[in-house]
Amino acid sequence: MEKLFTIILLSIFPTLSFAKTPDCYNWPMNITKGWLKNANITDIYNLDESKTKITLLASEKKKKDLSIEIYHFVFFLINKEILTR
């Protein structure tokens, strides 16, 4: 009975991990804004940053100081009229 209890606890503990991924989205967000501006999609001053949705899709630590992260950004425009053009 004690072994069963130990196995159950050991299987539950990894799901209770409170590890947090780093919030390193500033650089990719700035690069994405540059792409939007250079492709003449929109002017970056028309973006409503308070409504911007940032989702970390994947994160992998390669070496001690190197990690690969993939983000999904959803930008919203300030003026709704710009969306209809």
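Modeller: Helices (H or I, at least four residues) and strands (E, at least two) are DSSP runs, numbered from the N terminus. The model is predicted, so local features need pLDDT of at least 70 and side-chain atom pairs count only at pLDDT 80 or more, while totals for chains, interfaces and linings use all residues. Residues are numbered from 1 along each chain as its sequence is written, and side-chain values use heavy atoms, without hydrogens or water.

The part I take is the loop between helix 2 and strand 1, where strand 1 covers 53–61. Asn40 belongs to this loop. Its phi is positive, about 55 degrees, although Asn40 is not a glycine. Most residues other than glycine have a negative phi. Asn40 is also exposed, at 70% relative accessible area; buried means under 20%, exposed over 50%, and partly exposed in between, with a 1.4 Å probe and protein chains only.

Asp48 lies in this loop too. Asp48 is buried and has no salt bridge, a term for a side-chain nitrogen of Lys or Arg within 4 Å of a carboxyl oxygen of Asp or Glu. The nearest side chain of opposite charge is that of Lys51, 4.0 Å away; Lys and Arg count as positive, Asp and Glu as negative, and His and the chain ends are not counted. The side chain of Asp48 does make a polar contact with the side chain of Ser50, at 2.8 Å. Such a contact is a pair of N or O atoms within 3.5 Å; within protein, one must be able to donate a hydrogen and the other to accept it, and residues adjacent in sequence count only if both atoms are side-chain atoms.

Trp27 is exposed, with a relative accessible area of 63%. Together with Ile31 and Trp35, Trp27 makes a nonpolar surface patch of about 410 Å². Accessible areas come from the Shrake-Rupley method with a 1.4 Å probe; for residues, only the protein chains shown count as cover. Patches are made of residues with over 30% relative accessible area and no salt bridge: like charges are joined within 9 Å, and nonpolar side chains (Val, Leu, Ile, Met, Phe, Trp, Tyr) within 5 Å.
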